[in-house]
Amino acid sequence: MTQDESRTGTGREAREAAAERAAIAVRPDEFHHSEAGSGAREKVFELKGIDVRYSGVAAVKGISMDIHRKDVTALIGPSGCGKSTLLRCLNRMNDLIPNAEVQGELLYHGEDLYGPTVDPVQVRKLIGMVFQKPNPFPKSIYDNVAFGPRILGRKDDLDATVEHALRGAALWEEVKDRLEDNAFGLSGGQQQRLCIARCIAVEPDVILMDEPCSALDPISTGKIEDLMIALKDEFSIVIVTHNMQQAARVSDRTAFLMVELDADEQNRWGRLVEYDDTEKIFTNPADQRTEDYVSGKVG
Amino acid sequence: MEATGIGATEPAGGPPRRLQAPGRRYGEKAIQGLLAACGILSVVTTTAIVISLIGPTIGFFEVVPVGDFLFGTEWTPQFEPPSFGVLGIVAGTLNVTLWGMLFASPIGLGSAIYLSEYARPRVRKTIKPVLEILAGIPTVAIGFFAASFILPEIIQPLWPGEFLGGAVGKPFMALAGGLGIGLMIVPIIASISEDAMSAVPNGLREGAYAMGATKMKVATRVVFPAALSGIVASIVLATSRAVGETMIVLLAAGSTPNFTLNPVEAVQTMTAYIGVTATGDIGTGTLDYKSVFAVGTVLFVLTLAMNLVSISLVRKYREVYE
């Protein structure tokens, strides 16, 4: 938990406050440590004109948006619109891809995430990630969850940390009697919740989820969606999803991205079309393209 | 053409509708037989080697008691009376293999970790072929390099004085043979271990990176354990190559049976004994002749055991992500 956490005025009030500014996708105002619920909401990320290029070819262009603390923010859009690329900018996972470059300004709690003194390893301790395909380590359930605390040297009371994380991921009751079993023996949905537990155990500030349910059956998906709603009391969550109903069910804010082509249709990249409260995106979007997408006419 | 049913809609002169093969396809059968023969050849060869070893080995043990052979440490076939304690040359093999493995394992694993986890794709594309070229250098060249360069230019100047008897003035030593063998097996360890590490799914690495793991932690805590059985298999395979190597040890480690693990002594390995004896003028059916086969049997059993271990480890490794 970070020290500037506010303990009052989250939830409903905050959402109403946010709704007042709903139509404005990009707020160019300066960052300041505001208390949630007292007017402007605290921002976790501020993206200002973000372009991402792989070997010089743009994958997304000109993305500007603010992501708020303790919201579930969904990124939706058709395949190839750069949702995952954008998500991976937020914890500098793109650094691992040779020739990937990020341009524009990306502030995390007001600090330049791509500043010269910022260490991507430190960034990822604070901004965890859950992937499309469950990727538990071929180790025991316990060792999977304990992995993060161990490599970060937080070895005090490891048992309690592991239990806390597994309870947080709603997996404890199912695995408490077989913590030493190999994680590969779990079902796909359990493996994904284990990956969420593994992420929670590092006590991040933000959890990024890249289509976390796309490999899961509907029941497992439902459990993970419930989990996301429960987790936002403690964490800010950004989720990429193909599933519009999922975005509608779990998120507070939704960003719709689309593929844009250049004049001769040689190059394609993702562009942010609309970013607003989820309810508004799904019931009364400002942009016709958003309406067409969420109503299933295209995409 | 038949003008019935759907066939009627076919363009005139289309292919006839026939369900029978146009011929017996002898070519196919011939190729199948040829390929099967290729596969069977290796089985036949192995069996033939075993059979050819058995006869003279039994003949050898009719003269020399099995216990004296397996547990004796004096290997002096030329003396009168001769002594055939195989441990005298098993020790030579162990001596050379030990130093070779101590040299090659860290370097091989280090290059594997570097290539798999740290090197940029372009660097990997350059270094891996070079490693494979090193694997292709004839062992006689490595042996000559060990005897004429490693021994006088590296070991003797660097050896600490009279430690373990001193290195100066010795034309052959186990350590020179060991380092030569090490050079030979570095590419084996590096290449197979690198394959095992590269086969670890990228998702595991990403999972660890996303928790704030450094490259070193990802390599040592995630990739290395996940690839462990492949890595062990590479080491076992390299060991059995080291045990079986002849030319390098003959040129650099000498032909003096010596029951010791001292690296600066000249030793004779099992393979070197076979090499020297079999190229000398020994009469078929003599005890010396039969002793070659007895030593060959020991060598065969040792390397077979190691290869079986290696194969089972590789199998186990394959199961990890299935």
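In this predicted model, chain A has 299 residues, and buried residues make up 54% of them. Its secondary structure comprises 11 helices and 10 strands.

Nonpolar cores were examined next. In soluble globular proteins, nonpolar side chains tend to be buried together. Here the largest nonpolar core holds 78 residues. Seven names stand out for touching the most other members: A:F45, A:L47, A:I63, A:M65, A:L75, A:L90 and B:I185. Helix α6 of chain B, residues 174–198, gives this core its largest share, 10 residues.

One residue of chain A was followed in detail. A:S251 sits in the loop between α9 (244–250) and β9 (253–261) of chain A. Its relative accessible area is 8%, under the 20% cut-off, so A:S251 counts as buried. Two polar partners were found for its side chain. The backbone oxygen of A:A247 is reached at 2.6 Å. The side chain of A:T254 makes a polar contact with the side chain of A:S251 at 3.1 Å. Leaving out residues up to four places away in sequence, A:S251 also touches A:V72, A:A74, A:Q246 and A:T278.

The two chains meet at an interface. Chain A contributes 24 residues to the contact, and chain B contributes 18. The area buried between them is about 1,700 Å². Carbon and sulfur atoms give 70% of that area. On the chain B side, B:A210, B:M211 and B:R221 lose the most area to chain A. Together these three residues account for 35% of what that side buries.

The rule finds 1 salt bridge between chain B and chain A. B:E206 forms a salt bridge with A:R88, and the closest N and O atoms are 2.9 Å apart. Helices α7 (202–209) and α8 (215–226) of chain B each supply at least two residues of the side that touches chain A. The largest share of that side, 6 residues, comes from α7(B). By class, the side of chain B that touches chain A has 11 nonpolar, 4 polar and 3 charged residues.

Methods:
Residues numbered from 1 in each chain as written. Chains lettered and ligands numbered in written order. Predicted model: local features only at pLDDT ≥ 70, side-chain atom pairs only at ≥ 80, totals over all residues. Heavy atoms only, no water. Contact = heavy atoms within 4.5 Å. Buried area = accessible area lost by both parts, 1.4 Å probe. Salt bridge = Lys/Arg side-chain N within 4 Å of Asp/Glu carboxyl O. Helix = DSSP H or I, 4+ residues; strand = E, 2+ residues; numbered from the N terminus. Nonpolar A, V, L, I, M, F, W, Y, C, P; charged D, E, K, R; others polar. Core = buried A, V, L, I, M, F, W, Y, C linked by side-chain atoms within 4.5 Å. Buried < 20%, exposed > 50% of the residue type's maximum accessible area, 1.4 Å probe, protein only. Polar contact = N/O pair within 3.5 Å; in protein donor to acceptor, adjacent residues only side chain to side chain.
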